[in-house]
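User: Please take a close look at one part of this model for me. I want to know how one chain meets its neighbours, contact by contact.

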Amino acid sequence: MSALLEVSGVSVSFDGFKAINNLSFQIGPAELRAVIGPNGAGKTTFMDIVTGKTRPDEGSVLWGEKSQNLLKMSEARIAQAGVGRKFQRPTVFEDQSVFDNLLMALKNERGPLEVLFYKRSRADDARVEALAEEIGLADQLHRTSGELSHGQKQWLEIGMLLAQEPRLLLVDEPAAGMTLAEREHTTDLLREAAKTRAVVVVEHDMEFVRRLGCKVTVLHEGSVLAEGSIDHVTQDPQVIEVYLGR
Amino acid sequence: MLQTKDLTLHYSGSQILYGIDMAAERGQVTCVMGTNGVGKTSLLKALSGTHHRSGGSYTLDGEAIAKPPAHALARKGVAYVPQGRDIFPLMTVRENLETGFACLPREERFVPEQIFELFPVLKEMEGRRGGDLSGGQQQQLAIGRALIAQPKLLLLDEPTEGIQPNIIQQIGRVIEYLRDEGKMAIVLVEQYFEFAYGLADEFFVLTRGAVSLSGSKASLTKEEVMASVSV
Amino acid sequence: MNQALDLGLDALSLASIYFLAAIGLAITFGVMGVINMAHGEFIMMGAYTGYVVQQVVPDYTLSIIIALPLAFAVTFAAGVAMERLVIRHLYHRPLETLLATFGISVALQQIAKNIFGTQARPLTSPAWLDGAWVLNDVVSISYIRIAIFVLALIFLTLLLFVLNRTRLGLEVRAVTQNPRMAASMGINPDRINMLTFGLGSGIAGIAGVAIGLFAKVTSELGSDYIVQSFMTVVVGGVGNIWGTLAGATLIGFLQKGIEFFNPSNTLAAQTYMIIFIIIFIQFRPRGIIALKGRAAGD
Amino acid sequence: MKRSFIANNPSVLIFIACLGLFTLGVTLMSEAFGTAVISTSFVKTLGKTLCLCLVAIAMDLVWGYCGILSLGHFAFFGLGGYMIGMWLMYARTEQIVVASLANAEIPPTAQEVTDAIGNQIFGVVGGSDFPAIWAFADSLAIQLALVVLVPGLLALVFGWLAFRSRVTGVYLSILTQAMTLALSLYLFQNDSGLRGNNGLSGLQNIPGAEAIPQSEISIYFFWASALALLLGYLLAAWVVSGKFGSVVRGIRDDEARVRFLGYSVEGYKLFVFTLTAVIAGIAGALYYPQAGIINPAEIAPIASIYLAVWVAIGGRGRLYGAVIGAATVSLLSSWFTGGQAPSINLGFYTIDWVDWWLVLLGFSFVLVTLFAPKGIGGLFDYLVRKGDAK
């Protein structure tokens, strides 16, 4: 199996502080992966690099079958190539309806002129409705998304990600601030999504990670400390030392 | 000394804390434990006034605390060492310490030798910029800075996070010293179990924003506490 | 050689003027991140304060000595009032601060016009500032320009001193770098913001007296400087007194340099200078001396 | 699901109706076609106001919807005015020159005519040669094209530079302000080729229309302004209603998020910035023939800030808000400063509105910003919602 995303030897520092230190990471085309690690271990910076927000000082990030170099592309181009990102705090467009949010995310032409003359097709409507069904917001389609609950906003954002039809989903702390039932729904959504694409979940909550039931990568001080099943990493003495607590 | 009753807290609509009743006494370390994301940091924010509680009561030395701005609480003797330390990066170590003078009358505005005795490294680094210090040094600076104002309540949020073991030991000794001195109540939020267990006199374990277990060290076995915070 | 020296002196004195006009903004905009479009009107208020003092105190030397602190007091008070009444409510809405302070600027300008009329009011410099320091036939520099240069130097030193060596400066820097943590240390951010804003405004008042000595004092005095002052701060790098110095120096020398090639036309020089700056910002969007922090606008 | 554009935007229909009634009303009360209740000069004021409403719509599009607080859109407005002004002045002067030379004994050569026109136009700034930028001044068609092209190109180049380097927020505002200042300083020079601070004048005299009285011309321009405003409003409403509008509002609220959705934010901003500059240019080209004169003071940075303030007072992010704001403030301004407003005698002091209007206006900006951040339009929404709730 060849990797969908291959990060190798990446380092980046801010004001002398090494946020990422010779990090290497791979993920296949249909895989669920959890990334854990203490605060400041470089989880968010890792996502910033893959999505083009931060340029690393050295290393390479290769993408897809043709091994495109993501470091040479703009954020918008990377997103178009199939990398979707969910932020820590739910960022949906609060003064627009759920429908408009989803429609905007739908995989379609992205140029200003194409969008200006865009006509909604029946197929697009159907896709938006199907997505809304999947994220449990089918009856909320025409509500302003700012009125949704915190958990609903999280799902809407996941829905927007799915609408982009990305090949790689980067999800930052999806369970933060959710109730137990909401967490379970989120786990299902992510596991379902990972059947057809790569999903990387950054999470703090170990219970949540355990429920995802996937391979875990532990980051520490900007590089990979351990990798393997949840039981494997939670028994790793180094991981216990720096993260889980002794 | 510190007493909260039915304290709740919200972040833009979502509730983080549910009816927290807790207490802390002078000369004791009160340890708040729990896995990530259960609201420990939010609790400290409510106690330090950086994020106001949405309900419940909060008393210090019997004085009911309304919802004063953070600086007013600091002047009442609440010192806060936040997670991530929040050193002023462009100011020197000395200047960082001096920010605490705001709580003191003019004649008491000097850095007591005790601070440098507790953290000799701060003396060495006195003229360096806070942002240039290593994580461990920054943590020591953050605690030292909090002590300048001679607080009666010291709030510590994850002081060992990302710190090398020898400095952790040193920080542990400082906390013990401050406890035994008996001038202040210490509330410690900590993930590092052995460290926290070793220092604690009282435990409050949080699960999803509510207290799931509490009691003194004598009343709880180590296994009980550990089981309550493990994954 | 002489010509180059003359040009250099000209540029230096222009840079001092830009520095004086912008230095108050370096604090309110640079350090605090507040867009104050009425800053120019504070400069104007300072100049009119000088004029009023001269009406009462006929001795020009004495009147200038009285006018400088008085102008500071007047604009300090105006700045504090504005911060308390308006800006305080808009810290999270910088673009709206721009509009509200613009409204104040319009109102202040018109009030000045109503009180002092439209014609220019003289602000006369003392006799000992009248002459020029003649080096040779080509190179000479008027005393008033030397005085302005010296005043700019004094301000630079004074501000560096206040910010780096005083309790107020310490608290200002703490509030700017991390307002939340500063509050947790017992510093009242509201009070500090108010005083900082007052300081920046007060300095504008003193700059007004200085500028009034060589420019005509009209109600439009301030608006002639406001855009350049903002550019000086932006080009130099927000959040840093040295940055403002660098910005003023760059702009002053650039403008005189362009004028040298096209001496008949100062307007054209200003135009080209602004175009140069627009292009310059493409390459250094954070200015010559870039700093991180609240004021850096992220 | 699908409804027509108008049905989705009921406010557009209301706007069309209001504008239509207003146009009809003014026509019926004018000196030329009606009861002469309102003077020709007031018709001109109303026509100019419509142009200001149009440029306010452009401002609302770029600021209220896209989040770019441009302090340069009045410069584009002025450029549009200059472009049409060049033709008006050239063609008009040519007629005068030709008429005055008609009786000469030797028929004048083409060169002599040109020189005489140049003398007429540039004598005031001590020149007589035509600068290169007047090369097409004799062609109405080309100058009309330039009304669109010059502001459009300037916006395109400036916007490309600014957005590419990701200058945002107040920095972008200051940069646009710098651009405006550079342009106005340039035009203030006597050798700018546009008559320095004299500007272009006599623009109310339309070449070839000498026989038509100003009372009639004013109505034609009023109609043209109303039509332009209508088209501008429809265009803007269409642009912001669909998916493009969603993306643009998304950019306003969270630029980074839109970028991660795969939209090139810079391209969208550039499109909106340029489009609105063109609209502003057209509005200016209609405004100045009604004003009669244009000079660089019109372009000064302060004018563009006023424009932003109108939109803020009307309520940004609502097209009708921009129209209400521009119309209210500019009509009130001309009422107060025109000397019609009654002075208030306080006994010890008489408040003369000519002197105190700007003070009142300035403080009302402050009040609106502090207490009504959504402007008059926000008040409307509030009342409508209150009505719905009942």
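Analyst: Glu96(C) and Arg316(D) pair through their side chains in a salt bridge, 2.7 Å from N to O. This is a predicted model, so read each distance below as computed. Side chains of opposite charge can pair when their charged atoms come close. Between chain C and chain D the count is one salt bridge.

Which elements of chain C give two or more residues to the side that touches chain D? They are α4 (94-116), α9 (223-236) and α11 (266-283) of chain C. The largest share comes from α4(C), with 14 residues. By class, that side of chain C has 29 nonpolar, nine polar and two charged residues.

Now the extent of this contact. Chain C puts in 40 residues and chain D 45 residues. Together the two chains bury about 3700 Å², and 77% of that lies on carbon and sulfur atoms. Three residues stand out on the chain C side: Leu99(C), Phe102(C) and Gln282(C). They supply 17% of the area that chain C buries against chain D, more than any other three residues. Five pairs of chains are in contact in this model, and chains C and D share the most contacts among them.

Next, the contact of chain C with chain B. Here 20 residues come from chain C and 24 residues from chain B. The buried area is about 1800 Å². Carbon and sulfur atoms give 60% of it.

Arg173(C) and Glu95(B) make a salt bridge through their side chains, at 2.9 Å from N to O. Seven residue pairs are in polar contact between chain C and chain B, both residues being at pLDDT 80 or more. On the chain C side, the elements that give two or more residues are α6 (167-177) and α7 (179-184). Of the two, α6(C) gives the most, with six residues. By class, the side of chain C that touches chain B has nine nonpolar, six polar and five charged residues.

What about chains B and D? Chain B and chain D do not touch. Their nearest C-alpha atoms are 17 Å apart.

Chain C also carries a nonpolar patch on the surface. Its members are Leu12(C), Phe149(C), Val150(C), Leu153(C), Ile154(C), Leu158(C) and Phe253(C). Together they have about 560 Å² of accessible area. Where does the largest share of the patch come from? Helix α5 (residues 143-165) of chain C gives five residues. Phe253(C) sits in helix α10 (residues 241-261) of chain C.

Last, the wider charge picture. Over all chains, a search of the whole structure finds 41 salt bridges. One involves chains A and D: Arg166(D) pairs with Glu75(A), with the closest N and O atoms 3.0 Å apart. Arg166(D) lies in the loop between α6 (140-164) and α7 (169-188) of chain D, and Glu75(A) in helix α2 (residues 75-81) of chain A, so this pair joins two chains.

Note on methods. Residues are numbered from 1 along each chain as its sequence is written. Chains are lettered from A and ligands numbered from 1 in the order in which they are written. This is a predicted model: local features need pLDDT of at least 70, side-chain atom pairs count only at pLDDT 80 or more; totals for chains, interfaces and linings use all residues. Side-chain values use heavy atoms; hydrogens and water are left out. Contact means heavy atoms within 4.5 Å. Buried area is the accessible area (1.4 Å probe) that two parts lose on being put together, summed over both. A salt bridge is a side-chain nitrogen of Lys or Arg within 4 Å of a carboxyl oxygen of Asp or Glu. Helices (H or I, at least four residues) and strands (E, at least two) are DSSP runs, numbered from the N terminus. Ala, Val, Leu, Ile, Met, Phe, Trp, Tyr, Cys and Pro count as nonpolar, Asp, Glu, Lys and Arg as charged, and the others, Gly among them, as polar. Patches are made of residues with over 30% relative accessible area and no salt bridge: like charges are joined within 9 Å, nonpolar side chains (Val, Leu, Ile, Met, Phe, Trp, Tyr) within 5 Å. Accessible areas come from the Shrake-Rupley method with a 1.4 Å probe; for residues, only the protein chains shown count as cover. A polar contact is a pair of N or O atoms within 3.5 Å; within protein, one must be able to donate a hydrogen and the other to accept it, and residues adjacent in sequence count only if both atoms are side-chain atoms.
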